[in-house]
Structure formats: C-alpha cells, structure tokens
Amino acid sequence: MRLSQRCSGTNIVAAFGPTQLSRLPASGGPVTVVLDSTAQGLSPRWPQILPGTSTVLFTAVGAGGPNTATIEALTHDGAVHVLLRNGTFGRYLT
C-alpha cells in the first residue's frame, strides 16, 4: 500500500492496482475504484482528501517517472484536473 488518506470515515488508497485510486470505508465494506488511469498509463500516488471537500489531491506518475509527474485533483464528479506539471507529492497545508 503506497498511502492511505482518511477523511470522514473514508480512506482513499493507492493500493489495489498500480493505476487506481480506491475508496475504502473506514468501517469496512467493499472497495470502490474512484480513479482508473490505466488508459493514460499513469500511476496515481500519495492521495490526500482536501479538508471540507471530497476532492482528492494526488501525484500522477507516468512512463517518464517522477521527473515528469503531475500534481492533479480528482473532484466529486470524477473529473481530473492537472494543477502542476513536473511536480510531485503535492500537499494541502493549513
């Protein structure tokens, strides 16, 4: 398991496939894939749920490795937005 981020009883994990982010209820239950980037050839890593939202911040690493990674956001409607190119391990800080 690369990383788990918990918020409001939900864990977002990058653990059940090298190209997936999944939702795992903290109380147990079925795993739900929230992002599958197989077609794009990307590996999502280091997810973080942004406080007060259901948006997930993560790093997408492609064939070029970490030097060409992007920091992206996955919104509640399943849309993915590139926030920063050539960056890794984006974090929300208060």
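Is F89 buried, exposed or partly exposed? Select F89 and have a look: its relative accessibility is 44%, so F89 counts as partly exposed (buried means under 20% relative accessible area, exposed over 50%, partly exposed in between, with a 1.4 Å probe and protein chains only).

Before you go on, two notes. This is a predicted model, where local features need pLDDT of at least 70 and side-chain atom pairs count only at pLDDT 80 or more, while totals for chains, interfaces and linings use all residues. Residues are numbered from 1 along each chain as its sequence is written, and side-chain values use heavy atoms, with hydrogens and water left out.

**Stop 1: the rings**

The structure holds one aromatic pair, and here the ring centres of W46 and F89 are 5.6 Å apart with the planes at 80 degrees, so the pair is edge-to-face. (Rings of Phe, Tyr and Trp, the last by its six-membered ring, pair if their centres lie within 6.5 Å; planes under 30 degrees apart are stacked, over 60 edge-to-face, and the rest tilted.) W46 belongs to strand 5 (residues 43–49) and F89 to the segment after strand 8 (80–85), so the pair links distant parts of the chain, 43 residues apart. Strands here are DSSP runs (E, at least two residues), numbered from the N terminus. W46 is partly exposed too, at 26% relative accessibility.

**Stop 2**

Zoom in on strand 6 (residues 56–62) and strand 7 (residues 65–74), joined by six bridges. Pick F58 and you'll find its bridge partner, E72, in strand 7.

**Stop 2: the hairpin**

Move to strand 2 (residues 10–13): T10 and I12 point one way, N11 and V13 the other, and all are buried. A hairpin of six residues leads from strand 2 to strand 3, and the two strands pair antiparallel over four bridges. Opposite V13 stands S22 in strand 3. S22 is buried, with a relative accessible area of 1%. Beyond its neighbours within four places in sequence, S22 has contacts including F16, V31 and V33 (contact means heavy atoms within 4.5 Å).

Methods. Two strands pair if DSSP finds at least two bridges between them.
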